[in-house]
Structure formats: structure tokens, C-alpha cells
Amino acid sequence: MNKRIYWKKVKQRGAIIWDNADNPSHPAGYPTYIDGNDEIVEDRSAGWFPTTYYFRYGPNGLVDPYTAYSALRPCGDKRNPHEFEALVYDEDEGMYDGWQDVWIAQPLAFQTELEFVRQHTISDGSGD
């Protein structure tokens with residue numbers, strides 16, 4: 001398959017996630033903090049952040065219970081469709097720690113974040 005078509009497929013699938021994801025750690029949205037009146041305030045100045053997840057091991061292979069990662073979003077191009085990035089959340093510090101670049105050899109073999117969420121959503125029994 002030529003790289004242009006491959007990149008198009010990678011982009012269409014969207015964010016992918018490792019098979020060793022356990023649970024979400026922080027939901028998608030704007031960071032929040034509690035102000036002086038004990039009110040929860042959204043901090044839109046930092047921008048919107050994706051859902052982060054706990055993993056049995058991280059992208060570097062090490063187990064780190066104090067770090068959560070987002071799903072991997074494609075950030076390459078048709079010349080290099082194997083480049084992805086994941087948002088890192090430092091649980092120890094309670095803050096986002098930037099984006100980590102990850103090279104994925106076979107991105108089409110990974111499950112999408114949407115597939116992961118669908119498989120791990122608990123039904124409320126309503127039939128919806």
C-alpha cells in the first residue's frame with residue numbers, strides 16, 4: 001500500500017490505544033480547580049485535554065503507577081505515517097506533563113480509542 005493511502009487510513013481511524021489500557025484516569029475536557037469559594041472552575045486558558053488512561057505498562061515498557069497517558073493520536077504525515085503522540089499526566093504532581101512522541105510500527109493493528117471505550121462501557125440495562 002502506498003504511503004499516501006496508508007496515512008489516509010491512519011488518520012481516518014483516529015486515536016489508537018495500547019491493548020494494555022486499564023481504566024480512564026481523567027476524563028476529556030478542560031482542567032479544573034477549586035477557587036477560594038470552594039467552587040469548581042474550568043480553566044480554559046490551557047486548552048482542552050483528551051481522556052487519559054492507566055496502563056499496565058507505558059510506552060517505554062516500564063510500569064509507572066504515577067503516570068497516565070492519553071490514547072495515541074496521529075501526528076505524522078504521508079511521508080511518516082508512524083508518528084503518534086500521547087498526552088502525559090503526572091499523577092504525583094497532579095498536572096499535565098506535555099506530549100510524548102511515539103513511533104508505532106503497525107498502527108492499523110492497534111484498537112482505536114473508540115473501540116476501547118465501546119468495549120469497556122458498562123451498560124445501564126436500558127437497552128440503548
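Modeller: Start with a definition: a salt bridge is a side-chain nitrogen of Lys or Arg within 4 Å of a carboxyl oxygen of Asp or Glu. Note that this is a predicted model, where local features need pLDDT of at least 70, side-chain atom pairs count only at pLDDT 80 or more, and totals for chains, interfaces and linings use all residues. Residues are numbered from 1 along each chain as its sequence is written, and side-chain values use heavy atoms, with hydrogens and water left out.

Biologist: What makes E42 and R44 a salt bridge?

Modeller: Their side chains meet at 3.0 Å, N to O. The cut-off is within 4 Å, so the pair qualifies.

Biologist: How many salt bridges does a search of the whole structure find?

Modeller: Three. R73 and E85 form one of them, with the closest N and O atoms 2.7 Å apart. This pair links distant parts of the chain: R73 lies in strand β7 (residues 73-74), E85 in strand β8 (residues 83-90), 12 residues apart. Strands here are DSSP runs (E, at least two residues), numbered from the N terminus.

Biologist: Why is E85 called buried?

Modeller: Buried means under 20% relative accessible area, exposed over 50%, and partly exposed in between (1.4 Å probe, protein chains only). E85 has 15%, so it is buried.

Biologist: Why is R79 called exposed?

Modeller: R79 has 63% relative accessibility, so it counts as exposed. D77 has 28%, so D77 is partly exposed.

Biologist: Now the strands. How do you know that β2 and β5 pair?

Modeller: Two strands pair if DSSP finds at least two bridges between them. Three bridges join β2 (residues 21-26) to β5 (residues 52-55).

Biologist: Which residue in β5 is the bridge partner of P24?

Modeller: Y53 is that partner. Y53 also has a bridge partner in β6, namely Y69.

Biologist: What makes β5 and β6 a pair?

Modeller: They share two bridges, in the antiparallel sense, and β6 covers residues 67-70. At least two are needed, so β5 and β6 pair as well.

Technical notes. Helix = DSSP H or I, 4+ residues; strand = E, 2+ residues; numbered from the N terminus.
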